[in-house]
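Dear colleague,

Please find the structure below, handed over for your records. My notes on its fold follow it.

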Amino acid sequence: MDIPLQTEVAKAALFSSDHHTGMSVETLKQAFFDNLFFVQGKPVALATKYDYYMALAYLVRDRMLDRWNGTAESYTKNRSRTVCYLSAEFLMGPHLGNNLINMGIYDQVRQAMEELGLDFEELLDQEVEPGLGNGGLGRLAACYLDSLATLEVASLGYGIRYEFGIFEQELGNGWQVERTDKWLRYGNPWEIVRPEWALEVKFGGHTQPYHDEWGHYRVSWVPEKEVLGIPYDTPILGYQVNTANTLRLWKAEAIESFDFESFNQGNYYGAVEEKVSSENLTKVLYPNDETGAGQQLRLQQQFFLVSCSLQDMFRILAGQDIPLEQFHEKFAIQLNDTHPALAAVELMRLLVDEHHLEWSWAWEITQKSLAYTNHTLMPEALEKWPVDLFGRLLPRHLEIIYEINARFLDLVRMRFPQDAARLERMSLIDERGESYVRMANLACVSSNKINGVAELHSELLQQTVLKDFYELFPEKFCHITNGVTPRRWIALSNPRLTKAVTERIGSGWLKNLEEMQQLEQLAGDASFQEEWREIKQSVKRDLIERIHQQYRVLIDPASLFDVQVKRIHEYKRQHLNALHIVTLYSQLKQNPQMEITPRTFIFAGKAAPGYHMAKLMIKLITSVGRMINQDPDLRNQMRVIFLPNYNVTNSQRIYPASDLSEQISTAGTEASGTGNMKFAMNGALTIGTLDGANVEIRDTVGADNFFWFGMTADEVNKLKFKGYHPRDYYQANPQLKDAIDLIASGHFSQGDTSLFQPLLDKLLHHDPFMLLADYQSYIDCQQRVSQAYRDQNRWTEMSILNSVRMGRFSSDRSIQEYCDSIWKVTPSPVQLGEYIQMDGPLGVNEKRCGKTRS
């Protein structure tokens, strides 16, 4: 490769004193070479683009370590109250660009790489993002970690280091095809393994009651199996602060990974059986739970996460010489949905069985430590586990749940005497038919706070799925609307917009997004509008170039980019969007002279591997797209694109390029949504129902700058109560009937009339998410969108107002509300000393070494 790298090799041999911490361009270049040679073990002549990326990643990580170590030392010294965020998912996205922005060295590093003749953007593209989440839940957790560090709040994120994350999605003949997500195949430069902090986790076996030396009744758990939990730590930098918190992910390993005796006897599989069995625990994110084995693995994963994390907290507590009775004063534990709800039972087991606290004292500590965030309004989505499975896998925990339940139901009886139906609904055990452990009920009983994630969501929780618990514990309930970090979703994703904003109001808005409202006065300014439009056109052209490489489809950047990107699910109603496209297509074919606003419809999202109806929705979209994209009559009017393998990397390219954000779930089904916020921050206008955070976004940006359609949640419930008959809407609406009949005829499926019949039958006979009831309102609203887009001055003004009024949807605001209302924590600013390379003895306090770092 003929680049200046060759001529710089000699300079790299000169090791500067600030080699690991220096920020000058020259020092960065020298450090890059050192990592390429000594870490990657490659001379320039043999180095690949990925080697260059790794050398750069280690260069950046070196400069993070001063803050990371300083933060841990500060928290240890000050015994800082610590937020522990437990989540089954952390969809972090690529680390490199985000770390450069938060450290404030993005421009220096870009310059250093370009002076070496390297394409900086190409280096960023080399990073394989960790696929450790399925969608909004994991991405929210990642945004919250960013904000916790930026607000200088002591925190630990606890999750699982899945060897294979969410699958990579490809398209085969228009169908979703799942490929293994091998995100670790080349290593991960951002993590540091901590084997010295490994912990043992138990499964199965039985319990043995006994009396201790003082005659107290105790229970011992005799497990059938134990595995090791190995922590892998990743630094999480705050923006323009010294704080670098930790994301700690647990990997399962066998306590004894190789049976030498079995091997010598010729039993080669038996020699490694324990290793394989143990490591399967953290192999895959969300194994398919349609089988008994899959259910067991999921339950094992959830317990593995909470047991490792709680034991780690006890390690930190002991290392900092904090009394056990102050556990809840040291740690505020947030349960991100019900996946970590077993934390309540495991904490009780550790306090009562391992540390011999009296039950009521242990329960008080548990309740003061835990808080629960609910993310769903659908009763069927609330987790529950068969009692038989639970008892086999976690026998002691089932006993503890029975005890918690008995005491809790006594409280319910006192508050609501002679109400057997309420007792049945609130019990931690569902005994209708096969018995189940109800995880949401457990989380509600054991937490001191229960929060929804949008105003509407919180209201509906109190009125529906958690109504009984709200009536018993009204003081526990609160609402905190979700938010997203502007560092990733504006600064990193949309550098052109970031530059334009910063030139006018400075860079403070990236820490206080409300400052963007200063630009509201420019919304009608002609020159600012022109600059705004040019930024949007530039990012649209960038996306078009990437689409063209894959699809070879010509797209007009002046067309309206109508975008729906999110997990594929019936309640998110991608098929309502598809019905609009088919309606528009049918109108154009019947009336070729009809004038429309040219549109490029863009979809992206993954369907769960076992969710056939969602996969059929993808097939419908791709089939409609194939027909439209090949029709020469529609070349300048419509394009339909399904972008495969939707992830954080791809979303960073899509949000800034979007004109219209499709947020069209049935009112009362979406908890909050965060994609709606990312679109609006980047200037996309929303077409949406009054669902989730859409309600608050509309109130914030102004009703005139939001395209609302469809029934409200109250109207949905009234129609259900009255009796909903979707076929009546089909028969009464010729336009709707024409669209459905066209699909049923095989027009988009090469004559196969049976392909989409299951989807159409469900719409016509059941339609649980009321597409047909909302169809005409949606079509009418889309016509208003088209009319508005033709007036580019007015559209641009609306776009600007959407973006600059989104300050309250920063995750910094959300986290501040958690700190004030739930966690009761204040900032713990970190002061860094100068890094000094020591020549003599370390003088380490052996008690602290390797034991107390948080």
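Predicted model: local features only at pLDDT ≥ 70, side-chain atom pairs only at ≥ 80, totals over all residues.

Residues are numbered from 1 along each chain as its sequence is written, and side-chain values use heavy atoms, with hydrogens and water left out.

**Overall**

The protein has 34 helices and 23 strands; these are DSSP runs numbered from the N terminus, helices being H or I of at least four residues and strands E of at least two. The C-alpha trace spans about 90 × 85 × 65 Å along its principal axes.

**The six-stranded sheet**

An open sheet with parallel pairing has the order β20-β19-β18-β21-β22-β23; two strands pair if DSSP finds at least two bridges between them. Its edges are β20 (638-643) and β23 (707-708), each with a single partner strand, so one side of each is left without a neighbour in the sheet. Strand β22 (residues 685-688) is joined to β23 by two bridges, and G688 stands opposite W708 in β23. Helix α33 (residues 792-804) packs on this sheet, touching β18, β21, β22 and β23, at about 85 degrees to β22. Contact means heavy atoms within 4.5 Å; axes are lines fitted to C-alpha atoms, for helices over the stretch in contact, and angles run from 0 to 180 degrees between N-to-C directions.

**The helix pair**

Helix α24 (residues 612-629) lies across β19 and β20, at about 140 degrees to β20. Helix α23 (residues 574-590) packs against α24 at an angle of about 20 degrees, with the axes 10 Å apart. The two helices are therefore roughly parallel to each other (angles under 35 degrees). Residues in the contact include A578, I581 and Y585 of α23 and L620, V624 and I628 of α24.

**The three-stranded sheet**

A further open sheet, with antiparallel pairing, has the order β13-β15-β14. Strand β15 (residues 436-438) pairs with β13 over three bridges, and K384 has R438 as its bridge partner in β15. Helix α17 (residues 439-446) lies across β13 and β15, running at about 40 degrees to β15.

Yours sincerely

Notes. Parallel < 35°, antiparallel > 145°, perpendicular 65-115°, else oblique.
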